[in-house]
Amino acid sequence: MLNKAYEVLVRDELKKEYDRSIGIVRFGFEIEGSTPGSVWKEPLRPQALFVDENACVGCWKCVHQAGDTFTMDEASGTARVKVQYGDHYTKIEMSVESCPVNCIHWVDTEELAVLEHLIRPQPKEGYGIYGQGWERPANVFMAAKSFKKKLQQEERQQRQGKSRDEKETPAQAEARENAYKELNIGNFARIWSWLKRSTSK
């Protein structure tokens, strides 16, 4: 699941396709007109709203308090954010405070895409008819940390790979030394021939 998230979010064209998509599969049901993540009503802010659907009990309180920000996913029976800051801030705060299980979180905006991707149920691998179905991380925040750690490791490896590529290989060093010698020999030969010509005169 983390690998799939990484593959989508690390490549610009796939992330744009992810952002543009207009329908998703959740628990095996196609939801027309729904988006894989929330959209922004106002310019981007440092903090965003995220509903941990693993903890949500489907009480509808957030939707009643801030219906332009939250919606209920009928397939899963849980709330989710449809529009970031869709309502006035006071309504959003009331909806967060009214949640009986504290499943609505303020998160860093840069982490939102990963959290929203990971909370979506993914097809579960199985053998034959056993073990198949849908699953998502039991702790989406820990999964997001693992994803971020993996992303940082990949970036470090890419940087190290580039620095290794930039270093001179033994063959390149030998070729450089040979070229340097040939240039020196050529220069010496030209100077020697010039000295011979000038002394012979």
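These are my notebook entries on what I looked up in a predicted model of a protein.

**Entry 1: overview**

I began with the whole chain. The protein has 201 residues, and 31% of them are buried. I listed its secondary structure as seven helices and ten strands. Next I looked at contacts between residues at least 6 apart in sequence; 62% of these join residues at least 24 apart. For the accessible surface I noted about 13,700 Å², with 54% of that area belonging to carbon and sulfur atoms.

**Entry 2: cysteines**

How many disulfides does the structure hold? I found zero. A disulfide is a covalent bond between the sulfur atoms of two cysteines. I took C56, which is in no disulfide, and looked up the nearest cysteine sulfur: it belongs to C103 and is 4.3 Å away. C56 has a relative accessible area of 14% and is buried. C99 is buried too, at 9% relative accessibility.

**Entry 3: S98**

I placed S98 in helix α4, which covers residues 89–98. Is S98 buried or exposed? Its relative accessible area is 19%, and the cut-off for buried is under 20%, so S98 counts as buried. A polar atom of the S98 side chain lies 3.0 Å from the backbone oxygen of S95. Not counting residues up to four places away in sequence, S98 touches K61 and Q65.

**Entry 4: helix α5**

I went on to helix α5, residues 109–119. Eight of its eleven residues are buried, so the helix is largely enclosed by the rest of the structure. I wrote down the buried ones: T109, L112, V114, L115, E116, H117, L118 and I119. For reference, an α-helix has 3.6 residues a turn, so residues three or four places apart point the same way.

**Entry 5: the salt bridge**

I looked for salt bridges and found one. Which residue forms a salt bridge with R136? The partner is E53, and the closest N and O atoms are 3.5 Å apart. I then located both residues along the chain. R136 is in the loop between β10 (133–135) and α6 (140–166), while E53 is in the loop between β4 (47–51) and α3 (61–65). The two are 83 residues apart, and the pair links distant parts of the chain. E53 is buried, at 4% relative accessibility.

**Entry 6: strands β5 and β6**

Strand β5 spans residues 70–73 and β6 spans residues 78–81; they pair in the antiparallel sense over four bridges. Together they form a hairpin with four residues between them. In the turn, G77 has a positive phi of about 75 degrees.

**Entry 7: Y85**

My last stop was Y85, in the loop between β7 (83–84) and α4. Y85 is buried, with a relative accessible area of 5%. Which residues are in contact with Y85, leaving aside neighbours within four places in sequence? I listed W40, K41, E42, R45, Q47, A48, T69, I92 and W106. For Q47 I noted that its backbone oxygen lies 2.8 Å from a polar atom of the Y85 side chain. For A48 I noted the C-alpha separation from Y85, which is 8.2 Å, although the two are 37 residues apart along the chain.

Notes: Residues are numbered from 1 along each chain as its sequence is written. This is a predicted model: local features need pLDDT of at least 70, side-chain atom pairs count only at pLDDT 80 or more; totals for chains, interfaces and linings use all residues. Side-chain values use heavy atoms; hydrogens and water are left out. Buried means under 20% relative accessible area, exposed over 50%, partly exposed in between (1.4 Å probe, protein chains only). Contact means heavy atoms within 4.5 Å. Accessible areas come from the Shrake-Rupley method with a 1.4 Å probe; for residues, only the protein chains shown count as cover. A disulfide is a pair of cysteine sulfur atoms within 2.5 Å. A polar contact is a pair of N or O atoms within 3.5 Å; within protein, one must be able to donate a hydrogen and the other to accept it, and residues adjacent in sequence count only if both atoms are side-chain atoms. A salt bridge is a side-chain nitrogen of Lys or Arg within 4 Å of a carboxyl oxygen of Asp or Glu. Two strands pair if DSSP finds at least two bridges between them.
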